[in-house]
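Trainee: I would like to go through this structure with you, one question at a time. Please show it first.

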Amino acid sequence: MKFIDQVEVEVEAGKGGDGIVAFRREKYVPAGGPSGGNGGRGGSILFKATTKLQTLLDFKYARRFKADDGGRGGPNNCTGAAGKDLILEIPCGTMIYDSETEEVIADLINPDDTFLIVKGGKGGLGNQHFLSNSNRAPEYALPGLEGEIKQLRLELKLLAEVGIIGLPNAGKSTLISSLSSAKPKIADYPFTTLIPNLGVVRKPTGDGTVFADIPGLIEGASDGIGLGHDFLRHIERTRVLVHLVDVNSNDPIHDYQVIQAELFAYGRGLCDRPQIIGLNKIDSIDEESQQYILKEFQGISNDPIFLISAVAGTGCNALLQAVWNQLDLMKEDAVKEISFLESLHS
């Protein structure tokens, strides 16, 4: 399945039906009077979040969506049929922007979250509506109103609590495949991973936490270089970052600093996100080298640091436990903050 996480679409609600001019024509009713019915309302368009979709592929080629128009009013004061609403399903985590103003219109995160994006036009009034003491036989009606039209940009941001970051070939895909049932493509050359991969990792309690492997981060990614710029947005919703560094690199500390600089340049609070550092591929170096590189990183970072091998599974349990501890701590802080705010209002 092709991964599409950003598209532009046009949505147009249905036009309201026209009101009509009509008069009663019944036997034994000499003064029938006006009986033209109102037009039906136009159909509206709504977006609905669903877990059935993982990408915006459905919107790649169908870029324009229009709801049904309302029906024309009928005689005998009959109102026209309302246009059928159009419900467009999108993946959970999709943000809806106004293409012209770049304003965020909606952010649909939870399953079945629904948002009315454009409203159908009102139906026109039939001539029976204009009956008055001064005008007993109105011969005019109103047309239906046009439905709303909007140009939109849909942007999918993956819903994952933990994001795995690092330079290409740091072992991100290998780690997510060893921790979860995800089966990303893995090879021994950079840029094997071309799309974000999601995997559910089970806690000791049995609950599942979604991890995301974010591909293509290189120096200059925040400026649009490489693949990383396209996927940095997917880290925005994560709560904890696992930063993998390849210990076989010519300069592991430089590799680490490159990613840190990109997070800072991208902004949106990513550089302030809690991080856990995994010094990966330690099965390929000796014990002395492992301790040396660990000491080097402890000198430049206060984040938890672990020596791991994603292939062999060495150190992965300890790294995972640090992730669970960090998530639990953040939940406790959130609960305390909510309790504090509630106490202020009580």
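Trainee: In which loop does Asn-77 lie?

Mentor: This is a predicted model, in which local features need pLDDT of at least 70, side-chain atom pairs count only at pLDDT 80 or more, and totals for chains, interfaces and linings use all residues. Residues are numbered from 1 along each chain as its sequence is written, and side-chain values use heavy atoms, with hydrogens and water left out. Helices (H or I, at least four residues) and strands (E, at least two) are DSSP runs, numbered from the N terminus. On that basis, Asn-77 lies in the loop between strand E3 (64-66) and E4.

Trainee: What is the phi of Asn-77?

Mentor: Most residues other than glycine have a negative phi. Asn-77 is not a glycine, yet its phi is positive, at about 60 degrees.

Trainee: Is Asn-77 buried, exposed or partly exposed?

Mentor: Buried means under 20% relative accessible area, exposed over 50%, and partly exposed in between (1.4 Å probe, protein chains only). Asn-77 has a relative accessible area of 43%, so Asn-77 is partly exposed.

Trainee: Where is Asn-169, and what is its phi?

Mentor: Asn-169 is placed in the loop between strand E9 (162-165) and H1. Its phi is positive in a residue other than glycine, near 75 degrees.

Trainee: How many aromatic pairs are found in the whole structure?

Mentor: Rings of Phe, Tyr and Trp (its six-membered ring) pair if their centres lie within 6.5 Å; planes under 30 degrees apart count as stacked, over 60 as edge-to-face and the rest as tilted. A search of the whole structure by that rule gives 4.

Trainee: Which kind of pair do Phe-59 and Phe-65 form?

Mentor: A pair of aromatic rings is described by the distance of the centres and the angle of the planes. For Phe-59 and Phe-65 the centres are 5.5 Å apart and the planes stand at 65 degrees, so the pair is edge-to-face.

Trainee: How many residues apart in sequence are the parts that the pair of Tyr-256 and Phe-297 ties together?

Mentor: The ring centres of Tyr-256 and Phe-297 are 5.6 Å apart with planes at 80 degrees, so this pair is edge-to-face. Tyr-256 lies in helix H3 (residues 252-266) and Phe-297 in helix H4 (residues 287-298), so the parts tied together are apart in sequence by 41 residues.

Trainee: How many residues does the largest nonpolar core have?

Mentor: A nonpolar core is a set of buried Ala, Val, Leu, Ile, Met, Phe, Trp, Tyr and Cys residues joined through side-chain atoms within 4.5 Å. Residues with the most contacts inside the largest one include Val-11, Ile-45 and Phe-59. Among the elements that give two or more residues to this core are strand E1 (6-12) and strand E8 (149-156). The number of residues in the core is 24.

Trainee: Which atom of Thr-174 lies 2.7 Å from a polar atom of the side chain of Ser-177?

Mentor: Ser-177 is in helix H1 (residues 172-179), and at 18% relative accessibility Ser-177 counts as buried. The atom of Thr-174 at 2.7 Å from its side chain is the backbone oxygen.

Note on methods:
Polar contact = N/O pair within 3.5 Å; in protein donor to acceptor, adjacent residues only side chain to side chain.
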